[in-house]
Amino acid sequence: LSWKFETRDVTDTWVTIIDTTSIDDTPPKTIKTYGLPFFSNGEFDWISTNTEIALNAIDQKESCAIGVANITWRNTLLEEISEEECIAKCDYEGNGLWNEVLGDKATFFKNEESCHLIEFYSTDLLGNKEEINRQCVFVDNTPPNIIKTVGNPNVLCSSVGDQTCDYYVRQDTDISLNCKDIRPHPSNNVTIHWKIKADNEEEEFSENSENVIINFKENSLHQ
């Protein structure tokens, strides 16, 4: 906003003054991003206690934006709700103290496995306050279980007094690897990693997101 006014001094001299005033009634906008590890199925989000949570506030883009003063956030454990209710776009109201960080950036981590409610907003230097954003996320630190099943034919090495191995199998014996994510907050986003060592030759790790069946290609001691 540009405006001018004129004034006259005691000698009847007119002086013109031109001034420019910026009007800013628009609050900042805060964007939350997750670091790694992170997984989303489009409805629910999962992170671990090692995942960085970043809040970045941007004041309006017009030239009259005054700038971000601070970011305010808090975290609430939602231990009373079901897993089905911990959707990413949630609207629960948290409790507890708020954390205020000066400037337009804030980062933090979660320390407990649970469904977490994250609330946050920003305020600019004129006191324009953003509406509270609310988002939910699972914190999952529990690794999946992997189950190895040796198919037939097989013979336990211990049954024939051989302590150097676990099983005798044939080349057509299926070795199955199955992976299951477990509670309390399984994402079911699992990957099986495996490698085979035979005659002191070791393969690189292979990986698969589904169940794996392995057959040995030669007669030897395999690990």
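The model is predicted: local features need pLDDT of at least 70, side-chain atom pairs count only at pLDDT 80 or more, and totals for chains, interfaces and linings use all residues. Residues are numbered from 1 along each chain as its sequence is written, and side-chain values use heavy atoms, with hydrogens and water left out.

**Strands.** Strand 10 (residues 114–124) pairs with strand 11 in the antiparallel sense over seven bridges. Strands here are DSSP runs (E, at least two residues), numbered from the N terminus; two strands pair if DSSP finds at least two bridges between them. Strand 5 (residues 45–47) runs parallel to strand 11 (residues 133–139), joined by two bridges. There I found Ile47 opposite Val139.

**Disulfides.** How many disulfides are there? I count three, taking a disulfide as a pair of cysteine sulfur atoms within 2.5 Å. One joins Cys86 to Cys115, S to S 2.0 Å. Cys86 sits in the loop between strand 7 (68–77) and strand 8 (99–102), and Cys115 in strand 10, 29 residues apart. Another joins Cys90 to Cys136, S to S 2.1 Å. Cys90 is in the loop between strand 7 and strand 8 and Cys136 in strand 11, so this pair ties together parts 46 residues apart in sequence. Cys157 and Cys165 form a disulfide too, with sulfur atoms 1.9 Å apart. The torsion about their S-S bond is about -110 degrees, so this disulfide is left-handed.

**Ring and charge.** I also checked Lys129: its charged end sits over the ring of Tyr121, 4.6 Å from the centre. The rule wants NZ of Lys or CZ of Arg within 6 Å of the ring centre and within 35 degrees of the ring normal.

Terms used. Helix = DSSP H or I, 4+ residues; strand = E, 2+ residues; numbered from the N terminus.
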